[in-house]
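User: I am new to reading protein models. Please take me through this one, feature by feature.

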Amino acid sequence: MSDYCIYTDESYHAPCRALVLNYIHRTMDMSVAGGSKRAQLIIIPEKASFPIVSENYYDCGKTEILGLDSEDNLLLRWHKREYSLPKGEMLETETLGIDNPYLSREEVSMRYDYLNLDNVLDAVEYFYDDVRGRCSSLSRYAMDERDMALQLLWHAIEKGNVGLYPSYALLKSCNNWSSLTITDTDTFVSIMRQGIDSGCFAPHKEDGVYNLAALLEQNKTDDVFTLMPELKGIMDSLAQGGNKLAAKIAAYGIECAEKTSRRDPKKVTQVFIICKVDANGVEYSYNLFIGDEIKPCTVVDFDGTEALEILETSKESISFTWCGEKFRIDESPYNQRFTTDLSKSRLKLCFGYRNLWELLKEEVFQVSFSQTSNNPDDKHRIESLRKCVMKLVEWLIAEGDEKSVELREALEANEIWRCFVWDGELNHMLMR
């Protein structure tokens, strides 16, 4: 079974051609740079009627999909400019200025990705992982990627893969994909009943039962059966026909993952992570600021040579000075850190809201990887990463997480942190 709540049997097939449009909007106001980004997915049917016209987010302008040439290249038009995009390729447009007397500079551009998918679930998993990896499930770009994943999943269902209905119902009715907890019960019930009518639990559709089981690993069986009493009867009937997994579900035998308070995806704190990158691309000097530490006049001094100073902060963005220049970044995903390029060195930044327990585990894995790597440059990362981990532990303890006291002692007592990850003997301390 997939580790992201979607299972499919060997008969699964749903080829798809799609265009992903990234709308990029940048501004400069009194030397402070800013920007926003949105995304849209357009599935191109086999017998499409062209032109297909996109949305116009951030006044970036509409894109027209004009058709396909003899080599199956996608023909596009944007701001009277025409482009030919081969399948599987990415294209970035020119940057166009917008006349705005209230800003020093305002400009827009587009990036297109032409996807030719044999297995739609590969793309669903990609977008799903990206949404979960973002600092906040409420960011506009994350919501756009969520919509794209759902759009692709629905395409697969329309192509006959009705066993995917439980997974679609879960993702559609869950407002936070890190928790996979049903929150919109009306939507969940409506989609599930539509799936039942479409045959998602037909005796020959075992993937429907597997997807229901994956759903029940994150939502208690009793709660789901209370919402939909008919599910119990369906599972009983399938069990009588010899479906062992259905029998296990009917007997309330699927164990639901316990969501402890430290793992609660709604329990998030604002973080600002800064990593220095030298001229050779070696990362070092990690700095972590948490909660009320992120405030104006906070200074990060890199080796006494290049200081970063925070100017302003909000829930959505942070502005700062570095090397005599002003910058602003919006909330950015942790695993795709915003990179600022200057002449001699770079910074990799993360700003947004994170569950601190999950962030701590990620940093422990980074330390462990660096310690086991054959790359001698990795030693530059270890000391500052360890300091970030210990700071997170102390913060959790101060917030009342008593279990972290034992973890702190174990982290201090062990030089090599390999024992905390994968099959390490102290792995249980990070799994609680």
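**Buried residues and where they sit**

Analyst: Start with glutamate 363. At a relative accessible area of 2%, glutamate 363 is buried. Buried means under 20% relative accessible area, exposed over 50%, and partly exposed in between, with a 1.4 Å probe and protein chains only. The model is predicted, so local features need pLDDT of at least 70 and side-chain atom pairs pLDDT 80 or more, while totals for chains, interfaces and linings use all residues. Residues count from 1 along each chain as its sequence is written, and side-chain values use heavy atoms, without hydrogens or water.

User: Where does glutamate 363 lie?

Analyst: Glutamate 363 belongs to helix H9, residues 356-372. Helices (H or I, at least four residues) and strands (E, at least two) are DSSP runs, numbered from the N terminus. Now look across the chain. Leucine 385 is 22 residues away in sequence, yet the two C-alpha atoms are separated by 6.7 Å.

User: Is glutamine 366 buried or exposed?

Analyst: Glutamine 366 counts as buried, at 18% relative accessibility. Helix H9 holds glutamine 366 too. Tryptophan 417 is 51 residues from glutamine 366 along the sequence, but 9.7 Å from it in space, C-alpha to C-alpha.

User: Which residues have the most contacts inside the largest nonpolar core?

Analyst: The general idea first. In soluble globular proteins, nonpolar side chains tend to be buried together. A nonpolar core is a set of buried Ala, Val, Leu, Ile, Met, Phe, Trp, Tyr and Cys residues joined through side-chain atoms within 4.5 Å. Here the largest core has 55 residues, and Leu152, Phe188, Phe201, Met235 and Ile249 have the most contacts inside it. Helix H2 (residues 140-158) gives the most to this core, with eight residues. Apart from this core lies another, of 31 residues, including Val367, Leu396, Leu411 and Leu430.

User: What does methionine 235 touch?

Analyst: Leaving out residues up to four places away in sequence, methionine 235 touches Phe201, Val209, Leu212, Ala246, Ile249 and Ala250. Contact means heavy atoms within 4.5 Å.

User: Why is helix H5 called largely enclosed?

Analyst: Nine of the 11 residues of helix H5 (206-216) are buried, so the rest of the structure largely encloses it. Among the buried ones are Val209, Asn211 and Leu212. The buried residues of H5 pack against helices H3 (165-173), H4, H6 (221-227), H7 and H8 (244-250).

User: What angle do H4 and H7 make?

Analyst: Two packed helices are described by the angle between their axes and the distance between the axes. Axes are lines fitted to C-alpha atoms, for helices over the stretch in contact, and angles run from 0 to 180 degrees between N-to-C directions. Helix H4 (185-197) and helix H7 (230-240) cross at roughly 35 degrees, and their axes come within 12 Å. In H4, Met192, Arg193 and Ile196 meet Glu230, Leu231 and Ile234 of H7.

User: How many bridges join S5 to S6?

Analyst: Five bridges join S5 (74-78) to S6, and the two run antiparallel. Leucine 74 has leucine 85 of S6 as its bridge partner. Both strands belong to an open antiparallel sheet of four strands, ordered S3-S4-S5-S6.

User: What is the phi of histidine 79?

Analyst: Most residues other than glycine have a negative phi, and most peptide bonds are trans. Histidine 79 has a positive phi near 50 degrees. Histidine 79 lies in the loop between S5 and S6, and is partly exposed at 37% relative accessibility. Tyrosine 58 is not a glycine, yet has a positive phi of about 55 degrees. The peptide bond from phenylalanine 50 to proline 51 is cis, with omega near 0 degrees.

Technical notes: Two strands pair if DSSP finds at least two bridges between them.
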